[in-house]
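Student: I'm new to this one, and I'd like a close look at just one part. Please take me slowly through the sheet.

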Amino acid sequence: MAKALGELRQRKDVQWTYVSPAGDFQADGVRTGKYILGGEELTLSSKGESVISYADYAIAMIDEAESGKHIQQRISVVSE
């Protein structure tokens, strides 16, 4: 994935956003609808955790696709 991100960063003819999940990506985790966006650095919740459910990750991806606030950027997402 690092190679793919590097290749995306060299592209100027495509609008892209690279969304990285939290360190603990929980397939059966609870959908809360609440998440925190981060950048290149590891982002932690107020509990000091890097966790997100598949459901909340999907919500974050759709929200980003609709808003388009982070074009040509890598962002990360964790549960609140």
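Tutor: Strands (E, at least two residues) and helices (H or I, at least four) are DSSP runs, numbered from the N terminus. Keep in mind that the model is predicted, so local features need pLDDT of at least 70 and side-chain atom pairs count only at pLDDT 80 or more, while totals for chains, interfaces and linings use all residues. Residues are numbered from 1 along each chain as its sequence is written, and side-chain values use heavy atoms, leaving out hydrogens and water.

Now the sheet. It is open, built from three strands in the order S1-S5-S3, with mixed pairing. S1 (17-20) and S3 (35-38) are the edge strands; each has a single partner, so one side of each lacks a neighbour in the sheet. From one strand to the next, the twist averages 30°. S1 and S5 run parallel, paired over four bridges, and Val19 has Ile75 in S5 as its bridge partner. Helix H2 packs on the sheet, touching S1, S3 and S5 (contact means heavy atoms within 4.5 Å), and its direction makes about 55° with that of S3. Those angles, from 0 to 180 degrees, lie between N-to-C directions of axes fitted to C-alpha atoms, for helices over the stretch in contact.

Look at Ala60 too: setting aside neighbours within four places in sequence, Ala60 is in contact with Tyr35 and Val77.

Definitions and conventions. Pairing = 2+ DSSP bridges.
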